[in-house]
Amino acid sequence: MDVCVGSVVISKAGRDKGRSFIVVAMEGEFAYLCDGDLRKSDSPKKKKLKHLAVTNTVCDYVSDKIKEGKKVTNTEIRRALAEFCEKGKTN
């Protein structure tokens, strides 16, 4: 699966290894990531795609909001990641 805006990804390298993020922007071979906690929506983390593990989850609400040009809040990002983590625990 390709990485797109709104995708939930997991970091494979760096200090944030193992953390879940949502892609808020793409630029060439880089993705800009937020988790609403350590990486706020005002200062997303720039990370190479090869350092990301792509999940099959896309947060449609966040994706649609970004595509409409609206600002996504940190609370919305945290809520989306919490739903992803809960879904992973029940499977």
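1. Strand E3 and strand E4 (residues 45-48) are paired in the antiparallel sense, over 4 bridges. Here two strands count as paired if DSSP finds at least two bridges between them. Helices (H or I, at least four residues) and strands (E, at least two) are DSSP runs, numbered from the N terminus. Within this pairing, Lys47 of E4 is the bridge partner of Ala31.

2. A remark on the basis of this note. The model is predicted, and local features therefore need pLDDT of at least 70, side-chain atom pairs count only at pLDDT 80 or more, and totals for chains, interfaces and linings use all residues. Residues are numbered from 1 along each chain as its sequence is written, and side-chain values use heavy atoms, with hydrogens and water left out.

3. Strand E3 also pairs with E2, in the antiparallel sense and over 5 bridges. Ala31 in E3 is the bridge partner of Met26. The two strands E2 and E3 form a hairpin with 2 residues between them, and Gly28 in the turn has a positive phi of about 65°. Because 4 of the 5 residues of E3 are buried, this strand is largely enclosed by the rest of the structure. Buried means under 20% relative accessible area, exposed means over 50%, and partly exposed lies in between (1.4 Å probe, protein chains only).

4. The largest nonpolar core has 12 residues, including Val8, Ile22, Cys34, Val62, Ile77 and Phe84. A nonpolar core is a set of buried Ala, Val, Leu, Ile, Met, Phe, Trp, Tyr and Cys residues joined through side-chain atoms within 4.5 Å. Strand E2 (20-27), strand E3 (30-34) and helix H2 (74-90) each supply at least two residues of this core. Its largest share, 4 residues, comes from H2. Apart from this core lies another, of 6 residues, among them Val9, Val23, Ala31 and Leu33.

5. What does Ile77 touch, leaving aside its neighbours within four places in sequence? Ile77 is in contact with Ile22, Cys34, Asp35, Gly36, Ser41 and Val72. Contact means heavy atoms within 4.5 Å. Asn74 is found in helix H2 and counts as buried, at 18% relative accessibility. Not counting residues up to four places away in sequence, Asn74 touches Gly36, Lys40 and Ser41.

6. Ser20 belongs to strand E2. Is Ser20 buried or exposed? With a relative accessible area of 16%, Ser20 is buried. Leaving aside neighbours within four places in sequence, Ser20 is in contact with Val9, Ile10, Asp35, Leu81, Phe84 and Cys85. Ser20 and Ser43 are 23 residues apart along the chain, and their C-alpha atoms are separated by 16 Å.

7. In helix H1 (residues 60-67), Val62, Ser63 and Lys65 are buried. Seen down the axis of H1, the buried residues fall within an arc of 165°, so they line one face of the helix. The arc is that of the directions from the helix axis to the C-beta atoms. The face of H1 turned away from the buried side carries the exposed residues Asp60 and Lys67. Following H1 is Gly69, whose phi is positive, near 85°.

8. A last point concerns the rings. The charged end of Lys46 sits over the ring of Phe30, 4.5 Å from its centre. A charge sits over a ring if NZ of Lys or CZ of Arg is within 6 Å of the ring centre and within 35 degrees of the ring normal.
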